[in-house]
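Which residues make up the core, and which side of the helix is buried?

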Amino acid sequence: MRDAPSFDEFYRTTATRTLRYAFAVVGDHAEAQDAVQEAYARAWRRWETVSGHPAPEAWVRLVVNRLATDRWRRLGGLAGALRRTGPPPNAPPPSENTVLLVAALRRLPANHRRALALHYLCDRSVEQIAEETGAAVNTVKSWLSRGRERLAAQLAGAEMDMGVRDA
């Protein structure tokens, strides 16, 4: 059984120093916070072993080091890929139709939006959607039908609004 009070005391007395260390190693405050959080989470999971270690704080710093190394390795791989392929092209702005569609989808109930996305964007059958959502097949059919109706009505209304503005 883990000894929560001793871990809490260890955390209180070492966390600030560990965060300063992580920031110096990683060079980014948010990344340092993430590394420290992960290091202490790992220490807590192994607290029976770590608390018996001759230098538990050094153990946590070692975990921070390894997490930082993994981060630099990942970034190095990304930098290498960028050097080989060049930066990605700028993404074009969304079309007016895309903006209208996304706005209309946001106004749908969540279950309708989810069913439509699974069916039309993920090519899921009604049966597969029912299985994934835990809903009955007829409920999914209803969500799809009502979602399409509401979406069509909202898009028709948006089209009418655009016609009024353009006139």
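The largest nonpolar core has 17 residues, and Phe7, Phe10, Tyr40, Trp59, Val60 and Val64 touch the most other members. A nonpolar core here is a set of buried Ala, Val, Leu, Ile, Met, Phe, Trp, Tyr and Cys residues joined through side-chain atoms within 4.5 Å. Buried means under 20% relative accessible area, exposed over 50%, and partly exposed in between, with a 1.4 Å probe and protein chains only.

**Cores**
- Tyr40 touches Phe7, Phe10, Tyr11, Thr14, Ala15, Thr18 and Val60, leaving aside residues up to four places away in sequence; contact means heavy atoms within 4.5 Å.

**Helix α6**
- Helix α6 (residues 110-121) has twelve residues and spans 15 Å from first to last C-alpha, close to the 16 Å expected at 1.5 Å a residue, where the expected span is 1.5 Å times one less than the number of residues.
- Its buried residues are His112, Ala115, Leu116 and Leu118.
- They lie on the same side of α6 because they cover an arc of only 165 degrees around the axis, taken from the directions from the helix axis to the C-beta atoms.
- Exposed Ala110 and Leu121 sit on the face turned away from the buried side of α6.

**Basis**
- Residues are numbered from 1 along each chain as its sequence is written, and side-chain values use heavy atoms, without hydrogens and water.
- In this predicted model, local features need pLDDT of at least 70 and side-chain atom pairs count only at pLDDT 80 or more, while totals for chains, interfaces and linings use all residues.

Definitions and conventions: Helix = DSSP H or I, 4+ residues; strand = E, 2+ residues; numbered from the N terminus.
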